[in-house]
Structure formats: structure tokens, C-alpha cells
Amino acid sequence: MHFNEFARKPYMGPQEIKNEDSRFMKTLTTTEELAQFCKEARQHPYVTIDTEFLRERTYYSKLCLVQLAYPGEGDENAVLVDPLVDGLSLEPLYELFRDTNVVKVFHAARQDLEIFFIEAGVFPDPLFDTQVAAMVCGFGEQVGYETLVRKIARQGLDKSSRFTDWSRRPLTDAQKKYALGDVTHLRKIYEFLAEKLEETGRARWVKEELTVLTSPETYILDPEDAWKRVKTRTTTPKFLAIVRELAKFRERLAQSRNIPRNRVYKDDALIELASTKPQTPQDLGRSRLLLREARKGEIAEGILAAIKAGIECPPADMPKVKKAKDSQQVNPALADLLRVLLKSKTERSGVASKLIANAAELDAIASGERDVPSLKGWRREVFGEDALRLCDGQIALSAKGSNIKIIQLS
């Protein structure tokens with residue numbers, strides 16, 4: 001199923017969206033109400049979705065609110081779903097997620113999808129992310145929802161409720177209005193972007209980008225790999241072995257207790273422990289950065305065991321960091337030319353440059369690396385083919401004013 005199959009309703013231009021009367025802000029509190037809404041939504045080509053959640057005090061996000069809307073104007077056909085109500089099941093929503101006849105539209109979907117995957121092991125299919133689509137359609141890098149509301153829906157957003165406590169009940173009318181705005185404006189944004197993608201033939205580009213968002217590997221952090229997230233200056237295998245064991249213990253404990261990993265100990269404390277290698281509880285007491293509660297009990301025992309395991313790790317099992325390519329292997333002049341080529345290509349295509357290639361990738365290409373994202377899929381069409389030809393001396397670049405011209409050499 002392609003996105004452009006659902007771009008049936010043309011964008012009609014800015015219209016006034018009124019959301020002042022709280023009587024029209026519907027909140028669903030029973031499974032039956034949710035099932036009825038989802039049944040109605042399945043009669044339409046798409047549904048817009050957003051969530052409000054808390055994560056400051058937990059490892060996993062706590063879902064506090066779900067917002068849904070199908071085609072309409074203003075608050076028409078838009079609802080709030082309260083997942084904190086006892087007895088309410090989100091299974092009707094998950095059934096809607098599995099209905100491949102209805103496009104599920106999000107903005108910056110990653111955190112929303114993580115919640116639903118962790119809760120129910122389900123991904124919306126098919127998926128449309130307006131942030132990704134907007135980058136493909138020339139709205140810049142990681143464009144925010146507020147920007148799209150202003151530029152496409154011609155509306156403003158009241159941001160005062162953005163950082164409120166969404167777990168507290170009852171919700172205020174201001175919170176409800178803010179939450180509904182995240183899905184009501186999204187309808188116009190989706191319709192506009194879907195039509196733009198159909199006109200430009202770029203729907204496939206967006207679909208390629210979204211494959212990573214619907215991959216379980218995106219959301220599952222194996223404690224064995226947690227050390228890779230810790231930034232260290234020392235990369236000797238023995239030091240990294242201790243870092244790995246400390247990060248693994250921290251991740252497992254945070255997951256089992258559902259607390260933020262920094263509540264166990266922060267990265268700077270982890271690095272200090274790997275450097276000083278305390279052997280006893282008394283040694284732990286001399287740590288400058290370790291939280292007081294981590295110097296005793298289960299956490300202290302886990303730290304000492306992790307350090308011991310890291311020290312005793314056989315050399316063959318120690319982690320190794322891939323060494324960055326020697327800077328001398330990178331042809332700096334070629335890297336600069338690739339940057340010029342990328343700028344030219346992004347200006348012509350209107351696609352955000354970082355969506356195509358970042359600086360590290362350009363340096364990698366200039367050093368001879370070919371297994372990089374910018375040389376695959378739609379990126380290869382837009383930039384990669386000419387990048388390779390530039391590296392092979394088949395084309396050259398010339399400048400006239402602000403315009404860059406590609407010259408065929410062979």
C-alpha cells in the first residue's frame with residue numbers, strides 16, 4: 001500500500017480551527033467507547049495519532065494520554081483516550097494499527113512507537129511520519145510540529161501545557177486543547193505532504209526512511225550493548241571490559257526496577273569506577289561521583305561484581321572499538337568537493353542535507369568507504385551516483401555565481 005493512495009482529499013488552504021468550547025473535547029474512558037471510535041476511524045483513509053507520556057522517573061515511558069482524529073474540521077472526529085482509567089484496554093487501537101487499509105499518521109513518531117511496541121509488541125501499518133515527509137519535501141532538518149502547523153495549517157499553537165504533568169487527573173481544558181491540537185492540525189499537514197509526495201514521486205523515499213522506525217531492533221537495548229552508549233576517552237580493551245560490565249549491570253537493574261539508568265549511577269560515575277577499580281565497599285565510599293544509595297546494598301554488590309568480571313575478562317572476550325580511519329587516508333580536497341556537491345544537490349531537490357549525508361559520511365566516502373547510507377536507496381539516486389562519479393574522476397564541478405554545475409569528464 002502506497003501513501004499516495006490516501007492523498008484523496010486535496011489541501012484546501014488555511015481554515016479557521018476553533019477549539020474554545022470544552023464540550024467538544026471528547027475523552028474516551030471505556031474500552032467500548034474506544035472500540036466504537038476505532039470502528040468509525042477504519043472507514044476513513046487515515047487517522048492521526050499522538051501521545052503524552054512521562055519518562056523522568058521511569059526507565060520505560062509511562063503512557064498518560066492518546067490523541068486520535070480522522071478526517072474532519074476542528075475538533076470534529078477527534079478524541080482523547082485516557083489509558084490511566086482502570087479497565088480501559090487499548091486493544092481496539094492496536095487492531096486499528098494492524099488494519100493496513102488505514103494510514104496511521106504521526107509527527108516525530110519514534111517515542112510514540114516505542115511506547116506501543118514495548119506495551120503490546122505492535123507497530124502501526126502503514127505508517128506515515130510528517131517530520132520525515134517534511135524533510136523530504138523541503139521544510140528543513142528535523143522540522144518541528146509547531147513550524148508545520150504555522151506554515152501549512154496557518155495556525156498558532158499554545159505551548160503552555162507542553163511540559164505539564166500528564167499523569168495528574170483531572171486534565172485541565174488547556175491541556176485537552178493542547179493535546180487535541182497535536183492531531184487536529186496534523187490532518188491538514190498530512191494531506192498537504194501526502195499530495196506533495198505524490199506530485200514529486202517521493203513517497204517511496206519516505207517509506208524507505210520509515211523502515212527503521214518499525215524495526216524492533218530500534219527499541220530493544222540489550223544490556224550487553226549498553227556500554228556502546230557510554231562516551232570514553234580511554235579505549236583500551238581492559239578498560240572497556242570494565243565499562244561493559246558496569247553498563248550491563250546498570251542497564252539490567254534499571255530495566256528490572258523501571259527506573260532511569262542515571263538513578264543507578266551516571267556515566268561520569270561509571271567512568272570513575274572503571275578508572276579507579278574499587279575492590280571493597282570501603283573503596284566505593286571514596287568515590288566522588290557515586291550516589292550515596294549506590295554505595296551499599298544491591299547496587300554496591302553489583303558494582304564490585306561487575307568490576308571483578310571486567311578485570312578477569314579473558315583478552316579474547318574484551319570489547320574492541322573500531323578505529324576511525326586515519327585522517328591521512330581522507331582526501332581533504334575530495335571531501336570538500338563532496339560537500340559542495342551535496343549542497344548543490346540539496347538545493348536542487350529541496351531535501352534536508354543531513355537526511356542525505358552527514359559530515360562523517362562524506363569523509364568516509366572521500367577515504368574510499370562505500371558501505372554508507374548515502375550511497376544506498378533513494379539517497380544514491382539524489383546524491384550517491386554523482387558522488388561516486390566525482391570520486392572516480394568522471395565528473396568535475398564548476399561554479400558560476402551561486403550555481404554549481406556538473407561537468408562530464410568521461
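Here is a quick tour of this structure, from its domains down to a few single residues. Keep in mind that the model is predicted. The chain is assigned three stretches as domains: domain 1 (20-218), domain 2 (223-312) and domain 3 (332-408). Much of what follows sits around strand 2 (46-54), where eight of the nine residues are buried.

**Domains**

- Six residues from domain 1 and eight residues from domain 2 make up the contact.
- The second largest pocket lies between domain 1 and domain 2, because both of them give residues to its lining.

**Strands that pair up**

- Strand 2 has partners to look for on the model. With strand 3 (62-69), strand 2 runs antiparallel, and seven bridges join the two. Here you'll find L54 opposite K62 of strand 3.
- With strand 5 (103-106), strand 2 pairs in the parallel sense, over three bridges. V47 is the residue that stands opposite K104 of strand 5.
- Strand 5 also pairs with strand 6 (residues 127-129), again in the parallel sense and over three bridges. Look for F106 facing D129 of strand 6.
- Strand 5 is covered on both faces. V103 and V105 are buried on one side, while K104 and F106 are buried on the other.

**Helices packed around the strands**

- In helix 2 (residues 91-98), the buried residues are P92, L93, Y94, L96 and F97. They pack against helix 1 (31-41), helix 3 (110-120) and strands 2, 3 and 5.
- Helix 3 has a run of buried residues, D112, L113, E114, I115, F116 and F117. Its buried residues pack against helix 2 and against strands 2, 3, 5 and 6.
- Just past the end of helix 3 comes G121, which has a positive phi of about 65°.

**The largest pocket**

- Which residues lie nearest the centre of the largest pocket? They are T51, E52, F53, R162 and Y178, out of 24 residues in the lining.
- Strand 2 turns up again here, giving the most to the lining with five residues. Helix 3, helix 5 (145-153) and helix 6 (173-200) each supply at least two residues as well.
- Sorted by class, the lining holds 10 charged, eight nonpolar and six polar residues.

**The second largest pocket**

- This pocket has a lining of 20 residues, and R55, Y59, L221, R229 and R261 lie nearest its centre.
- Helix 3 gives the most to this lining, with three residues. Helix 8 (237-257) and helix 9 (261-264) each supply at least two residues too.
- By class, the lining splits into eight nonpolar, eight charged and four polar residues.

**A lysine to look up in helix 13**

- K345 is part of helix 13 (residues 332-349).
- Is K345 buried or exposed? Its relative accessibility is 12%, so K345 counts as buried; the cut-off for buried is under 20%.
- What does K345 touch, leaving aside its neighbours within four places in sequence? K345 is in contact with V382, F383, D386 and I406.

Note on methods: Residues are numbered from 1 along each chain as its sequence is written. This is a predicted model: local features need pLDDT of at least 70, side-chain atom pairs count only at pLDDT 80 or more; totals for chains, interfaces and linings use all residues. Side-chain values use heavy atoms; hydrogens and water are left out. Buried means under 20% relative accessible area, exposed over 50%, partly exposed in between (1.4 Å probe, protein chains only). Helices (H or I, at least four residues) and strands (E, at least two) are DSSP runs, numbered from the N terminus. Contact means heavy atoms within 4.5 Å. On a 1 Å grid over the protein atoms alone, a cavity is a set of points where a 1.4 Å probe fits but cannot get out, and a pocket is an open set with protein on both sides within 12 Å along at least five of seven lines; lining residues have an atom within 4 Å of a point. Ala, Val, Leu, Ile, Met, Phe, Trp, Tyr, Cys and Pro count as nonpolar, Asp, Glu, Lys and Arg as charged, and the others, Gly among them, as polar. Domain bounds come from an automatic or database domain assignment. Two strands pair if DSSP finds at least two bridges between them.
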